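Hello,

Here is the structure I promised to pass on to you. My notes on it follow below; I hope they are handy when you open the file.

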Amino acid sequence: MKKTAGMTGLFHDPDTVLSAATEIRRAGYRQFDFHTPYPLHGLDDAMGVKRTVLPWIAFGTGLLGTLAATLLQWWTGAVDYPLIIGGKPFFAFEPSIPIMFELTVLFCAIGTVIGMFALNGLPRWYSKWQNDPHFLRTTDDAFMVTVDSEDAMYDAGKTRTLLESLGAEQVREVEYED
Amino acid sequence: MESGGTLAVNPDEIREPLFEGKPKPHDVTETISNVVEGKPTKLWYATLTLTSMLAGWGIITILYTVYTGIGVWGNNQPVAWAWAITNFVFWIGIGHAGTLISAILFLFRQRWRTAINRAAEAMTIFAVICALIFPVIHTGRPWVAIYWLLPLPNQMEMWVNFRSPLLWDVFAVSTYFAVSAMFWYVGLVPDLATLRNRAKNVFIKYIWTFLSLGWTGANRHWHRYEKAYLILAGISTPLVLSVHTIVSFDFAVSILPGWHSTIFPPYFVAGAIFSGFAMVLTLMILARKLLNLEQFITIKHIENMNKVLMATGLMVGYAYGIEFFIAWYSGSPYERFVFINRAFGAYGWAYWTMVTCNVLIPQLFWFKNIRRNLAITWVISIFVNIGMWFERFVIIASSLHRDFLPSSWGYFSPTWVDISIFAGTIGLFLTLFLLFAKNIPVLAMSEVKGILPGSQPSHSHH
């Protein structure tokens with residue numbers, strides 16, 4: 001069944017994108033986005049994107065790595081099979097630091113990458129905007145605004161007028177196969 | 001200039017531009033994607049044939065080693081493992097430029113990194129693969145090496161020794177490999193999406209769709225993406241420094257004169273960056289020529305890398321000098337002997353090769369004309385590669401071949417198997433790089449587009 005994805009339009013000038021983002025948000029829209037070939041500075045503020053929780057995920061997984069390294073070295077060296085090597089203590093803080101550091105970095109990196117893709121809802125095989133020819137331009141050189149049809153403010157006529165007044169070109173409604 | 005005394009010039013216009021001409025985002029997409037989508041040249045096929053034959057020969061000699069045993073190598077007492085450790089440390093060092101360019105220069109907001117970071121990161125991954133071959137095959141029984149290297153209990157229920165720098169190395173290098181690979185892949189995702197959207201062939205489109213994970217370039221995604229990239233850069237920066245620091249601990253924690261030195265960690269890190277940048281230059285000067293990337297990899301990029309090469313070259317030169325000073329100042333006769341022997345003993349030829357290639361020749365970069373000359377830079381970068389290989393060889397062989405007991409003194413010479421395996425890793429490295437340069441965007445397209453003139457909002461309304 002075909003469903004309406006929402007309204008799209010094309011921009012070419014980064015400054016226009018920024019002012020359009022501010023205006024769309026001011027008009028009360030929340031479920032809208034800009035698809036860009038590279039990140040535009042200042043667009044997050046203009047769109048009112050909240051800070052991501054990703055740093056906390058990175059911090060948590062990093063801490064988990066430190067903990068895992070400490071437990072691993074303590075348990076194998078001092079509990080499970082204590083061995084005297086060069087008269088050194090079974091477990092000490094100082095020689096454990098390199099492994100603690102490495103596992104902190106490793107866990108943190110894995111957590112950051114998986115966390116980032118998961119928060120973005122990736123990987124996925126399709127996007128509901130992908131049938132729009134505008135979509136192909138957004139990984140090349142143009143900026144595409146997308147207003148989701150599920151937004152409470154969405155109204156085919158009014159949204160189109162708004163986008164066109166903000167400088168969007170080739171504004172159209174996009175459908176997708178559900 | 002205006003009469004009022006203010007400078008009516010935009011600082012960005014005084015600075016040398018990072019790109020030749022005025023490329024638009026679409027030009028970047030076209031130039032880089034065409035490399036991937038087009039047919040490879042005959043020269044590419046010819047080079048690939050040569051390098052893969054070399055790699056194949058390396059694999060055959062590795063199999064020969066495993067079949068007959070490590071006795072076919074030139075190892076002896078007191079010089080055990082000279083060749084394998086030299087090659088391991090050499091390749092790990094090569095791998096340092098990639099993450100340094102990506103992470104440290106990213107944090108320092110050095111925008112010139114975008115033209116070279118992708119290739120340098122790929123180089124890192126390939127170099128670490130080459131490096132990892134040596135610790136695995138030097139065990140002679142690579143299929144059980146996993147029990148000796150990783151924290152798994154053996155048949156006696158014993159664990160690996162976490163108090164040994166050799167095990168720290170296992171963790172440091174494998175973490176470095178994993179994090180570099182993730183960093184590289186995350187950076188690739190938006191460019192793979194570009195290729196996906198351009199693909200005409202259905203089968204190829206499937207591959208790019210799969211690899212690009214459904215990237216759409218939505219700004220809410222970019223927001224998290226940029227944060228993730230920043231975090232990865234932030235944790236990779238100390239990681240780069242830690243890897244070669246820990247490699248140096250393998251030596252510095254021992255009691256052998258010539259190895260037992262506190263300057264080793266910073267000295268090894270500087271040397272690694274030095275050799276890594278030399279290899280980036282060697283490969284990128286060729287790649288920009290063969291793939292027609294002159295517009296994006298300009299003389300300014302080459303000059304900046306030459307400046308890094310010079311700074312780190314001076315650092316290793318300083319380390320060579322301070323080692324001699326400490327050998328004298330320590331008052332230890334063994335230490336003093338090792339260093340006099342290093343310069344004037346049986347391995348003196350290797351020592352002076354190292355000093356010539358690493359300290360003397362890079363001094364030519366004081367001249368701006370030479371820093372900006374592609375041919376001379378390329379030749380110097382190869383000298384540095386050679387010199388840095390000899391640095392590791394000198395540290396290992398010259399310290400070991402004269403140990404505490406004159407009765408056990410010896411001399412290490414490589415066998416044909418030693419040389420073949422090392423040549424094979426060079427072949428493998430170049431083969432992987434050629435495959436990369438043809439099949440994956442060699443420049444980070446989305447990052448280059450983001451720093452083109454006029455690509456960002458001007459913020460004039462603020």
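**The sheet in chain A**

Strand β1 (residues 2-11) of chain A and β3(A) run antiparallel and are joined by six bridges. Before going on, the ground rules: this is a predicted model, in which local features need pLDDT of at least 70 and side-chain atom pairs count only at pLDDT 80 or more, while totals for chains, interfaces and linings use all residues. Residues are numbered from 1 along each chain as its sequence is written, chains are lettered from A and ligands numbered from 1 in the order in which they are written, and side-chain values use heavy atoms, with hydrogens and water left out.

As for terms, helices (H or I, at least four residues) and strands (E, at least two) are DSSP runs numbered from the N terminus, and two strands pair if DSSP finds at least two bridges between them.

**How covered is it?**

Strand β3 (residues 143-148) of chain A is largely enclosed by the rest of the structure, because six of its six residues are buried (under 20% relative accessible area, with exposed over 50% and partly exposed in between; 1.4 Å probe, protein chains only). In a regular strand the side chains alternate between the two faces of the sheet. Here F143(A), V145(A) and V147(A) point one way, while M144(A), T146(A) and D148(A) point the other. β1(A) is mostly covered, with seven of its 10 residues buried.

By contrast, G42(A), in the loop between β2 and α2 of chain A, counts as partly exposed because its relative accessibility is 32%. Its C-alpha atom is 53 Å from that of A78(A), 36 residues apart along the chain.

**Pockets and cavities**

The search used a 1 Å grid over the protein atoms alone: a cavity is a set of points where a 1.4 Å probe fits but cannot get out, a pocket is an open set with protein on both sides within 12 Å along at least five of seven lines, and lining residues have an atom within 4 Å of a point. Grid points are joined across faces, edges and corners, and a volume is the space filled by probe spheres set on the points.

The largest pocket has a volume of about 1600 Å³. It is lined by 45 residues, and those closest to its centre are H41(A), R111(B), G450(B), I451(B) and Q456(B). α10(B) gives the largest share of the lining, seven residues. By class, the lining has 18 nonpolar, 12 polar and 15 charged residues (Ala, Val, Leu, Ile, Met, Phe, Trp, Tyr, Cys and Pro count as nonpolar, Asp, Glu, Lys and Arg as charged, and the others, Gly among them, as polar).

There are two cavities of 30 Å³ or more. The largest cavity, of about 40 Å³, has Y267(B), E323(B) and R342(B) among its lining residues; the lining holds eight nonpolar, no polar and three charged residues. The second largest cavity has about 30 Å³ of space, and its lining includes T36(A), P37(A), W215(B) and S446(B). That lining divides into four nonpolar, six polar and no charged residues.
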